[in-house]
Amino acid sequence: MQQKTRIRSPRIVAILTLSVFAACGGRQAANGGGGGAGGDVLALMNARGLSEQDVTAALKTYTPTGKHDEYYTFASGGHGGNLIVIGVPSMRILKYVGVFSPEPWQGYGYGDESGEVLRQGNRGGQTLTWADMHHPALSETAGDYDGKYIFVNDKCNPRVAVVDLSDFTTQQIVSSELIASEHGATFVTPDTDYVVETSQYPAPLGGVYAPIEQFDEKYRGAMIFWKFDKARGRIVPAESFAIELPPYMQDLADCGKKGSDGWVFCNSINTERAYGGILEGKPPLESGATQNDMDYLHCINWRGAEAIAKAGKTETIAGMRVIRMQTAIDEGLLAFVPEPKSPHGVDVTPDGTGIVVGGKLDTHTTLFDIQKIIAQMRAKQFVGKDPYGVPILDFKSSVFGQCEIGLGPLHTVFDDKGFAYTSVFIETVVAKWSLKDLVVVDKIDTHFNIGHLVSAEGDTVSPDGKYLIAMNKWALDRFAPVGPLLPQNFQLIDISGAKMQLLYDMPLPLGEPHNAQMIKAGKLKPIEVYKPIGTNPYTHDVDPSATVAGKERIERKADGVHVYMTAVRSHFSPDIVRVKQGDTVHLHVTSVEQAKDATHGLAIGGQNINVSLEPGKHCNIVFKVERAGVFPFYCTEFCSALHLEMAGYLLVEPK
Ligand code: RUQ
Ligand code: CUA
């Protein structure tokens, strides 16, 4: 609750006077320019009804002009299909990166090669222009973020994308018809050898039909291991493989680290294998799916699986090498551990010894002991089998303990002091608890319906503590009303002290932004301009068609008209392009700028073309002019005083 008390505290006056003095660089105030700021600030606090807590929160987040944030947060754009880059602690949005959806500002999907990347994401002949993005994962080296790449997934049409953090562009989208939906993606192995993608809603493998009555026999889940080539920055589908799983709803996953490197853990819901049928006299899916007290934590030896795949013990389905379930069982690659009712998050601790699982319909988090699990699997100490023959380990012999958290624990992240932070959905709090003692030490309310949470480098081998963001699905009364569809609410929380402190509410008016990753800003080394001039962002090399200043030209070739164009403040050259109706036009456009931030855009009327020309960038645009007419083109970035004059004509003569 916001306090409306008048400020009388001498301490806050002292803090404010000092901080205002510091913010003015001392100079102004010393010159008398500050005008007794401390008193003014108190008046301001009183006028705005700010409490001492509000003011400390403001001082912890306010980032003066020119100062950079300490962390980047990469948040999934949910239904928006894009990635949102946010500075922490200021919570300023720094960028939207188009991934699965066209992004006009970036020129992503509006004429140049970026359209090729988007088209890689089409499935089954269907053009897809949106996604349900859930879980971004930063690339890692030895279990720590290396700041090179970020991967993201699409839950609805199972896809994985690779975003290069040298220039914040999407470089690749891969998709396998093996599975029909997913959720447990993306998660990386500690050296980013593989990007894990796990199916969610079971379906016959390979995108074929089978009656739903044959659910138990024909429907399946699968975990895909997408091989990542770090040097090239590309996923290599031919070196990727999958493991067939029973038709449960596999959920989130996390990879082992340090001593548990080589293993991956994934929880599951609906081990009842319910599939609904409300009009057919069956219980609705959600009630059928919540009958069992325990579901199954899947424990998978991915390094063992990699060897089995290399040995060729796979079957190819829809182009993907698949280790069949029986092979996985025979080779000891897969086992289950019971986990409390309808689990959700599964998070490996920073030291790699434990896995925290939250049971959505339970009041505990369960801390599993990975070494106990591995030892039992190696010794083949099983207490039973599931209907598919997958061995089951004893629950009690696999856990370290449980922590009484509250109603509806979901996801867990970590700090540098041995504490875990769990989002508690039904109770709508973040619970801080000790991994050693399994007791809750602090709770903070969130507004409202918290889903994921992210802490600074919180899922690496060395979390930072400091900041945590609660990603709340509802915003209720937090912001000025905007009609029935409300934004989501990111709440920044200071976790550096014993008690958590809420610092900032940030509305995020995009599709449900599920999860995020927070990385030290200093780990990223983004380029400032494309160098040398003529670099193609998709090869990071000079494009063979790059246009050199002074060599601009128009050539008619067998496949159409090739226009070699440059852009520089404040003209395109050539600025008149004459073609004939029906021609295919190949625009090879190079920005010959090298000044930081001197970005141009090229938009052509009537053609749905709009590209972004960052300094030094080259792009190739191919389009067919179906209609005769006069089509002005112009620069879409206010680049100079003569920006409006940075224009030209595409003249399409009738046939
Ligand atoms: S999960 S609902 Cu990340 Cu909590 Cu998708
Ligand atoms: Cu170039 Cu405006």
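Is lysine 520 buried, partly exposed or exposed? Lysine 520 is partly exposed, at 32% relative accessibility; the partly exposed class lies between buried, under 20% relative accessible area, and exposed, over 50%, computed with a 1.4 Å probe on protein chains only.

Some ground rules for the talk. This is a predicted model, in which local features need pLDDT of at least 70 and side-chain atom pairs count only at pLDDT 80 or more, while totals for chains, interfaces and linings use all residues. Residues are numbered from 1 along each chain as its sequence is written, chains are lettered from A and ligands numbered from 1 in the order in which they are written, and side-chain values use heavy atoms, with hydrogens and water left out.

Back to lysine 520. Its side chain forms a salt bridge with glutamate 457, with 3.7 Å between the closest N and O atoms; a salt bridge here is a side-chain nitrogen of Lys or Arg within 4 Å of a carboxyl oxygen of Asp or Glu. Lysine 520 sits in strand 34 (residues 516-520) and glutamate 457 in the loop between strand 30 (450-456) and strand 31 (465-472), so the pair ties together parts 63 residues apart in sequence. Strands (E, at least two residues) and helices (H or I, at least four) are DSSP runs, numbered from the N terminus. Glutamate 457 is buried, at 0% relative accessible area.

The structure holds 32 salt bridges. Another one of them pairs aspartate 69 with arginine 92, at 3.4 Å between the closest N and O atoms. Aspartate 69 is in the loop between helix 4 (52-61) and strand 1 (71-76), and arginine 92 is in strand 3 (residues 92-98), so this pair joins parts 23 residues apart in sequence. Aspartate 69 is buried at 12% relative accessibility, whereas arginine 92 is partly exposed at 33%. Lysine 557 and glutamate 555 also form a salt bridge, at 3.7 Å. Salt bridges that share partners join Asp144, Glu457, Asp464, Lys520 and Lys523 into one network.

Next, the ligand. Which residues are around ligand 1? They are His134, His135, His183, His344, His411, His452 and His514, where being near means having a heavy atom within 4 Å. The shell divides into seven polar residues, no nonpolar and no charged. In this scheme Ala, Val, Leu, Ile, Met, Phe, Trp, Tyr, Cys and Pro are nonpolar, Asp, Glu, Lys and Arg are charged, and the others, Gly among them, are polar.

The largest nonpolar core has 48 residues, and Phe225, Leu297 and Ile355 touch the most other members. Such a core is a set of buried Ala, Val, Leu, Ile, Met, Phe, Trp, Tyr and Cys residues joined through side-chain atoms within 4.5 Å. A second, separate core of 26 residues includes Leu613, Val625, Cys639 and Val652.

Last, two single residues. Asparagine 301 lies in strand 16 (residues 294-301) and is buried, at 15% relative accessible area. Leaving out residues up to four places away in sequence, asparagine 301 touches Gly262, Trp263 and Leu333, contact meaning heavy atoms within 4.5 Å. Glutamine 402 lies in strand 25 (residues 399-404) and is partly exposed at 32% relative accessibility. Glutamine 402 and leucine 438 are 36 residues apart in sequence, yet 6.5 Å apart in space, C-alpha to C-alpha.
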